[in-house]
Amino acid sequence: RRSFNLIHLDTSVKIDVFVSENHPFDKQEMARAQIKVSGAAPARPFYVKSPEDLILRKLLWYRAGGETSERQWNDVLGILKVQEDRLDSTYLRQWAAQLGLTDLLERVLVAKNF
């Protein structure tokens, strides 16, 4: 029930692996995850979180860490910068409210002028 990393030594590609818990948000993340296929032979499918769920998860980690992690905060700002026209803001706000993150989401949206 812990997270861990996989590192492909030949390419230095790092993959973060998170074990899902039995929480409604965890289930929602999996339901919205996109299936991708690796380009290496043999091709293997893998799941990638939606950008909205990644933003929410990083805000959860930011809060859990005492709201001091510049890495998590800057990651959220970067996702917003790259994905802003494609994000489902209704979904973000609904889940932020359920997760107790409305204040952080609004703060990061103001910081990004979203």
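**View A. Contact between helices α2 and α5 in the predicted model**. In this contact, taken as heavy atoms within 4.5 Å, Ile 55, Leu 59, Tyr 62 and Arg 63 of α2 meet Asp 103, Leu 104, Leu 105 and Arg 107 of α5. By class, the contact of α2 with α5 holds five nonpolar, no polar and three charged residues, where Ala, Val, Leu, Ile, Met, Phe, Trp, Tyr, Cys and Pro count as nonpolar, Asp, Glu, Lys and Arg as charged, and the others, Gly among them, as polar. Helix α2 spans residues 51-64 and helix α5 residues 102-112, and the two pack at an angle of about 110° with their axes 10 Å apart; helices are DSSP runs (H or I, at least four residues) numbered from the N terminus, and axes are lines fitted to C-alpha atoms over the stretch in contact, with angles from 0 to 180 degrees between N-to-C directions. α2 and α5 are therefore roughly perpendicular to each other (65 to 115 degrees), and their crossing is right-handed, the near helix being turned clockwise from the far one by less than a right angle.

The model is predicted, and local features need pLDDT of at least 70, side-chain atom pairs count only at pLDDT 80 or more, and totals for chains, interfaces and linings use all residues. Residues are numbered from 1 along each chain as its sequence is written, and side-chain values use heavy atoms, with hydrogens and water left out.

**View B. Contact between helices α2 and α4**. Glu 52, Asp 53, Ile 55, Leu 56 and Leu 60 of α2 meet Tyr 91, Leu 92, Trp 95, Ala 96 and Leu 99 of α4, and the residues of this contact divide into eight nonpolar, no polar and two charged. The axes of α2 and α4 come within 10 Å and cross at roughly 30°, and the two helices are therefore roughly parallel to each other (under 35 degrees). The crossing of α2 past α4 is right-handed.

View C. Not counting residues up to four places away in sequence, Phe 25 touches Asp 53, Leu 56, Arg 57, Leu 60, Tyr 91, Trp 95 and Leu 99. The C-alpha atoms of Phe 25 and Arg 57, which are 32 residues apart along the chain, are separated by 9.3 Å.

Methods. Parallel < 35°, antiparallel > 145°, perpendicular 65-115°, else oblique.
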